[in-house]
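The following exercises treat a single protein chain. Please work through each task with the sequence and the model in view before reading the solution.

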Amino acid sequence: IFFPGKQEMAAADLSSQKTISFWAKGDNKTYSVVLFTERGGFNPASEIFVSGNRWKRHRFSLKDLGTDGRDITAVFIGNCDKAGKFALQIDDVRFD
């Protein structure tokens, strides 16, 4: 989990950015990018992606994640709902 604010769960204004992107590779399973906002509280927005065995860039619109970027408190990329072994590598996470 990544906290873009000055402290954990403090909101960051990333409204000048339109997307979140990252490179990922893994075990061909489904993962999620989860975006927490002040307005969303404990009800974050999420999108799913499949992480194959080769590096691939994934890009998600902040609008599709339910925000204009003004109050982002945390970003999580990973396995949200299945216990057990998994393999996921992420790199170059950025807001563009």
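**Exercise 1: Strand pairing**

Strands β1 and β6 run antiparallel and are joined by 6 bridges. The model is a predicted one, in which local features need pLDDT of at least 70 and side-chain atom pairs count only at pLDDT 80 or more, while totals for chains, interfaces and linings use all residues. Residues are numbered from 1 along each chain as its sequence is written, and side-chain values use heavy atoms, with hydrogens and water left out.

Task: determine in which order the strands of the open sheet lie, and which are its edge strands.

Solution. Step three identifies β4 and β6 as the edge strands, since each pairs on one side only. Neighbouring strands of this sheet are turned by 25° against each other on average, direction ignored; the axes behind this angle are lines fitted to C-alpha atoms, and angles run from 0 to 180 degrees between N-to-C directions.

Of the 7 residues of β5 (72–78), 6 are buried, where buried means under 20% relative accessible area, exposed over 50% and partly exposed in between, with a 1.4 Å probe and protein chains only.

**Exercise 2: Aromatic rings**

Task: classify the ring pairs Phe-22 with Phe-49 and Phe-49 with Phe-60.

Solution. The rule counts rings of Phe, Tyr and Trp (its six-membered ring) as a pair if their centres lie within 6.5 Å; planes under 30 degrees apart are stacked, over 60 edge-to-face and the rest tilted. The count comes to 5 aromatic pairs. For Phe-22 and Phe-49, the centres are 5.1 Å apart and the planes stand at 65°, so this pair is edge-to-face. This pair links distant parts of the chain, with Phe-22 in β1 and Phe-49 in β3 (45–51), 27 residues apart. Both Phe-22 and Phe-49 are buried. For Phe-49 and Phe-60, the centres are 6.3 Å apart and the planes stand at 55°, so this pair is tilted. Phe-60 belongs to β4 (56–61), 11 residues from Phe-49, and Phe-60 is buried too. Ring pairs link Phe-22, Tyr-31, Phe-49, Phe-60 and Phe-86 into a cluster.

**Exercise 3: Positive phi values**

Solution. Asn-28 has a positive phi, near 65°, although the residue is not glycine.

Key
Helices (H or I, at least four residues) and strands (E, at least two) are DSSP runs, numbered from the N terminus. Two strands pair if DSSP finds at least two bridges between them.
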